[in-house]
Amino acid sequence: MPIYGLRFRALGQTNYYSGPPGLEPGQHVLIEAEQGHALALIVSGPAHNLPGQESEPLPSILRLASPDDVKRGEANEQLSKEAQVFCRQCIRQRDLDMKLVDVEVFFDRSKLIFYFTAPSRIDFRDLVKDLVREYRARIELRQIGVRHETQMVGAVGNCGMVCCCRRYLRKFAPVTIRMAKEQNLFLNPAKISGICGRLLCCLSYEQDNYDHFHKNCPRLGKKYQTDKGPMKVLRANMFRNSLAVLTETNEEVELTLEEWQALSPHRPEAVQCAQTQPRQAPKPQIGDGLLVVSAAPDTLDHLDTMDEFFSQDALASSNANNSRQEGNGRAPNHSAGDGGEAHGPDGQGDSGKPRRKRRRKPHSKPENQ
């Protein structure tokens with residue numbers, strides 16, 4: 001079956017579906033989504049194959065949208081804009097520290113999803129009640145990160161093009177400051193950060209090449225024993241796949257990695273140190289802690305039973321975790337029981353007893369003084 005490129009929103013990402021022949025770009029079609037039927041616009045196609053297409057079959061198009069379906073889609077877009085205005089008004093009235101990003105309306109209007117960002121956990125149960133009473137539908141408030149906010153809103157990056165997350169990125173790869181260091185970039189936040197304030201996603205595009213090079217490259221500034229005598233590694237050039245070494249005659253020589261490996265370099269003292277030092281167990285990965293709260297007109301009373309979840313102690317611990325993890329570029333973790341126990345040097349929980357300080361004995365003075 002022919003393959004068509006579909007978009008659910010203007011300037012959004014293009015998803016590929018298989019459909020019946022005869023469809024043309026500019027037509028609206030209905031597809032099967034997680035929330036039921038969804039309206040999409042054909043932007044490309046028909047095509048018989050895609051470069052790099054996986055072996056898994058593509059989802060199929062249900063049918064061509066009727067004029068009534070198109071009108072319903074336009075009405076849903078208008079409802080989304082009105083819901084944004086109403087929700088922002090409620091946020092200002094209740095003085096909530098949150099920012100509304102977008103509102104998604106299901107095709108059959110059975111559910112409305114409000115995407116927002118917040119620096120920490122907040123109590124927005126009253127806001128959910130206001131939205132449910134206003135629209136008489138299932139309401140879901142979903143907290144997203146700053147990267148997903150840029151992906152939904154869209155922006156122009158430092159390179160002068162639309163952000164990659166808006167154009168084609170569907171999954172965010174983990175980006176660390178180590179990548180910028182290994183790529184010999186200037187650690188200037190204005191240069192290595194994107195519009196969202198996080199590290200650039202494009203730092204991970206070439207990281208596999210750097211990892212492969214550094215895996216075969218010796219450590220800089222270290223001395224190695226080779227077949228031609230001791231040598232000290234000065235510099236490494238990934239683009240030329242070469243090394244600059246200093247021989248025992250103080251002569252700087254440039255060697256490729258193949259030539260370097262042919263010299264059989266080794267550091268016996270480093271091997272002994274590596275054998276004596278035990279490896280530390282990897283730390284368990286902590287969740288992002290983003291909130292998702294859903295409510296319907298018949299389940300509003302259940303929100304009042306979440307007092308423990310939105311208690312002052314839970315909010316305070318969430319804000320403390322957020323302040324500690326803000327410098328790491330990770331989202332705060334709001335899981336219960338995390339970060340509340342102090343650990344001693346042996347890894348076990350501390351009993352809470354204060355440590356006794358050793359008192360120095362005063363020096364005894366001679367009796368004749």
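This briefing describes the cores, a helix pair, a sheet and the cysteines of one structure. The model is a predicted one. Its largest nonpolar core has 25 residues, and a second, separate core has 13. An open sheet of four strands is present, and the structure holds zero disulfides.

**Nonpolar cores**

- In soluble globular proteins, nonpolar side chains tend to be buried together.
- Within the largest core, the residues that touch the most other members are Met-98, Leu-112, Phe-114, Phe-124, Leu-127, Leu-131 and Leu-141.
- Two or more residues of this core come from each of helix H1 (67–94), strand E6 (99–105), strand E7 (111–117), helix H2 (125–135) and strand E8 (138–143).
- Leu-127 is in contact with Cys-87, Cys-90, Ile-91, Arg-94, Leu-96, Met-98 and Leu-141, when its neighbours within four places in sequence are left aside.
- The second core includes Phe-213, Leu-243, Leu-255 and Leu-263.

**Helices H1 and H2**

- Two packed helices are described by the angle between their axes and the distance between the axes.
- For H1 and H2, the axes come within 10 Å and cross at roughly 145°.
- The crossing of H1 past H2 is right-handed.
- On the H1 side, the contact is made by Leu-79, Glu-82, Ala-83, Phe-86, Cys-87, Cys-90, Ile-91 and Arg-94.
- On the H2 side, Asp-126, Leu-127, Asp-130, Leu-131, Glu-134 and Tyr-135 take part.

**The four-stranded sheet**

- Strands of a sheet pair through backbone hydrogen bonds, either parallel or antiparallel.
- In this open sheet the strand order is E9-E10-E11-E12, and the pairing is antiparallel.
- Strand E9 (223–226) and strand E12 (252–256) stand at the edges; each has a single partner strand, so one side of each lacks a neighbour in the sheet.
- From one strand to the next, the twist averages 40°.
- Strand E11 (residues 242–246) is joined to E12 by five bridges, and the two run antiparallel.
- Leu-246 stands opposite Glu-252 in E12.

**Cysteines**

- A disulfide is a covalent bond between the sulfur atoms of two cysteines.
- Cys-87 counts as buried, with 1% relative accessibility.
- Cys-165 also counts as buried, at 8% relative accessibility.

Note on methods. Residues are numbered from 1 along each chain as its sequence is written. This is a predicted model: local features need pLDDT of at least 70, side-chain atom pairs count only at pLDDT 80 or more; totals for chains, interfaces and linings use all residues. Side-chain values use heavy atoms; hydrogens and water are left out. A disulfide is a pair of cysteine sulfur atoms within 2.5 Å. Buried means under 20% relative accessible area, exposed over 50%, partly exposed in between (1.4 Å probe, protein chains only). Two strands pair if DSSP finds at least two bridges between them. Axes are lines fitted to C-alpha atoms, for helices over the stretch in contact, and angles run from 0 to 180 degrees between N-to-C directions. A nonpolar core is a set of buried Ala, Val, Leu, Ile, Met, Phe, Trp, Tyr and Cys residues joined through side-chain atoms within 4.5 Å. Contact means heavy atoms within 4.5 Å. A crossing is left-handed if the near helix is turned anticlockwise from the far one by less than a right angle, and right-handed if clockwise.
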